[in-house]
There are 2 protein chains.
Amino acid sequence: MELLPRDQIAFGRMLDTIRSAFERFGFLPVQTPVFELSDVLLTKSGGETERQVYFVQSTGALEKAADDRPELALRFDLTVPLARYVAEHEHDLVFPFRRYQMQRVYRGERAQRGRFREFYQCDIDVIGKDELSPRFDAEIPAVIAAVFDRLAIGEFTIWLNHRKLLRGYFDQLGIEDDQQFLVLRELDKLDKRGRDAVRATLTGEAFGLQSAVIDQMMAFAQVRSRGHQDALDTLAGLGQGGALFEQGRDELLAVLQQLRAMGVPESRYGINLSIARGLDYYTGVVYETTLDAHPQIGSICSGGRYENLAGYYTKSKLPGVGISIGLTRLFFQLREAGLVSTADSSVDVLVTLLEETDLDHALALSQRLRAAGLNVETQLESRKLVKQLQYADRAGIRFALIRGADEAARDVVAVKDLRRGEQYEVSEHELAASLLVEREQSKVMG
Amino acid sequence: MELLPRDQIAFGRMLDTIRSAFERFGFLPVQTPVFELSDVLLTKSGGETERQVYFVQSTGALEKAADDRPELALRFDLTVPLARYVAEHEHDLVFPFRRYQMQRVYRGERAQRGRFREFYQCDIDVIGKDELSPRFDAEIPAVIAAVFDRLAIGEFTIWLNHRKLLRGYFDQLGIEDDQQFLVLRELDKLDKRGRDAVRATLTGEAFGLQSAVIDQMMAFAQVRSRGHQDALDTLAGLGQGGALFEQGRDELLAVLQQLRAMGVPESRYGINLSIARGLDYYTGVVYETTLDAHPQIGSICSGGRYENLAGYYTKSKLPGVGISIGLTRLFFQLREAGLVSTADSSVDVLVTLLEETDLDHALALSQRLRAAGLNVETQLESRKLVKQLQYADRAGIRFALIRGADEAARDVVAVKDLRRGEQYEVSEHELAASLLVEREQSKVMG
């Protein structure tokens, strides 16, 4: 993951857009050190991830060549650092604590297509002390909607489900707590493996489920709704359930009601009863987000409600709700799908230099434009104009300013708009304002 | 280095300010992976830094327990990554290549006051192919001036010197090339060790210099000038020198002339003939920057011109000029000196909730304010107003909005300005505009 400048600009704009949406909803920035204690990371990571941790040791430590595991390792997600951060600064934070964190994480995977050893995660979480109102569960999808509206990468749907609804339903079918996890994981493979293969597994030795039960489960897992009334109807149509089931349904209904009150367009969200997500971790509402025109990309933003963030670090109970966007992977997927393209330069204006004697004027003009808020590069050496214009074009700079003897005599500057392929003259004292207006207009036009 | 949210906001604003100043001058963003090959890092780092490199290995690599040095290590500066980046992407970049990079670097030092294992560097460099006009040497101090003007941390001076001036002068005194480095290093200790101690070293066995020569050198190293004419006079007053000396002086004079043409205030720069900086690396102009009221902080931004960036990676000759700001260290020093304080929250507005039945209205109001560009947190649970106001105050949120039955009946909202300690009413449809104006005004006022 190393980008050329114009791709880096496109990536940076996505980061800025996400950050700005997070801040609109009152989330506060946190950055944590890249190092965490190895012991903690390994405890939290479980077997699969254990092999992916990067250990770190300084030259001195390496020379000691201890057989011990190195003390430090690189963070592999932003959840463990959040848990440590909240526990460590518990008495200095105001709860509910709303934080966003946008940093790189590290996984010792073999470099391969779509997998990165180092990638950006963009997370928000709201952490309560002792308790956290379910109302926060509804604010999260409103943030997701704001993020992807602003990123303007096409229509998307935020899918909602509720772990209590799932558990309640499975309880009713007589599937026990410790088996639910495994059954759900099999059901999650419906799209990939197909109905028959999944059915074979679930009727097989390991599960031994009745075919009728499997039919019910498969029907349940395939429930989708889109739009507000459809979601309400779908939830109503699930029939009567136990206490846990009803609690899950009530909370989902409350989320729907609140999303409507916030004015989130109803085309943006729906119910999807197949979503399970990190079953050992989430305990309430869970979210996934998909691009309507690109289902193959999978979920681009996921998360949910959890019972206790930091049991490992503190005796305080810290329930929370949050989501994560894996931006590096998403960026490359969007590029592949043609949904983000190489950006124009962050440089707005190239001030060309035709004669060596014009240098002082070019420098002063550049500084005036900078003071007005434009990003300006000055050609510091005179060379053929065509070379300078080629340079601007290749660098993705939109405006090239030309001031020959003729323009100088009339106190104007020729503006070459390389995007539109137009050239026009502006008086020097109106130049900054004119370029600013052009720049703002093109932002509005997208 | 882990900050509470309000300090993180202050730090983030400094990062944004620096980035925006870099972009004003047409520098392009680059981010590189945290990993570089160990062999390269150690080759480039030299003895002192070697002990500071952090090696990285995944669980799998660790288990193999090879005696070899791990293949990967964490970057310890942004220069080695720049060299590799430019060499690797040479054919895709447009030269002169102007890049900025603001990322963390890692040094395996013992954690102690003022030293960080992980800290931000903010670098700019202009890299030429085969050659790079000395005019770029003058643009760099203009960027430095823009950065520290915007950071508004007090008056500062950018000190200029030139390696050729230094070398030419030493040549004249009969001090040979390979000894100049060592002598300069001793002269650099004048402030710390005092004249007598330095003199004793230089007359001693290792150097064996004449006392008269040492006097001359010490006088030279103590030359300072401030302001434009003073700088010109100082350079003129150095007397005639050899070809190298004169070349250095000419280039310094050109830098001064260009700074004036760019309108950089002359109080911002001066000549300081004691500055040597990384003697094995820099070959032309060198820069240091100090805060006038806080000399004890030392240089807050340093750099210079170098002959060849990436000889290790490519046969192309890549001369360059650049500077680096060690922002993490600077941030803590500024905090200690009382020059940055805990920021107000990035949240502009807290929408309070007095009655449960007001929730829908509070949610809708919050969304309207967000759409207008304000950062808004909504109180999702009703509780005593005084508690909500205490929360806003503690979190550093400036505006709290209150809408009781009385306000609702009249279609107004009470705005409590916690910074000014005032409260006033605004009609709901004028609210967003009114708050935006207040926010912009306080930005202008600083």
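Predicted model: local features only at pLDDT ≥ 70, side-chain atom pairs only at ≥ 80, totals over all residues.
Residues are numbered from 1 along each chain as its sequence is written, while chains are lettered from A and ligands numbered from 1 in the order in which they are written.

The contact between the chains takes 57 residues from chain A and 57 residues from chain B, where two residues count as in contact if their C-beta atoms, placed from the backbone, lie within 7 Å. On the side of chain A that touches chain B, the largest share, six residues, comes from helix α1 (residues 5-24) of chain A; helices (H or I, at least four residues) and strands (E, at least two) are DSSP runs, numbered from the N terminus.

Turning to the strands, β3 (residues 54-58) of chain A pairs with β3 (residues 54-58) of chain B in the antiparallel sense, over five bridges, and two strands are said to pair if DSSP finds at least two bridges between them. Within this pairing, Ser58(A) stands opposite Tyr54(B) in β3(B).

These two strands belong to an open sheet of six strands, in the order β2(A)-β4(A)-β3(A)-β3(B)-β4(B)-β2(B), with antiparallel pairing. Its edge strands are β2 (35-37) of chain A and β2 (35-37) of chain B, each of which pairs on one side only.

Inside chain B, two bridges join β3(B) to strand β4 (residues 72-74), and the two run antiparallel.
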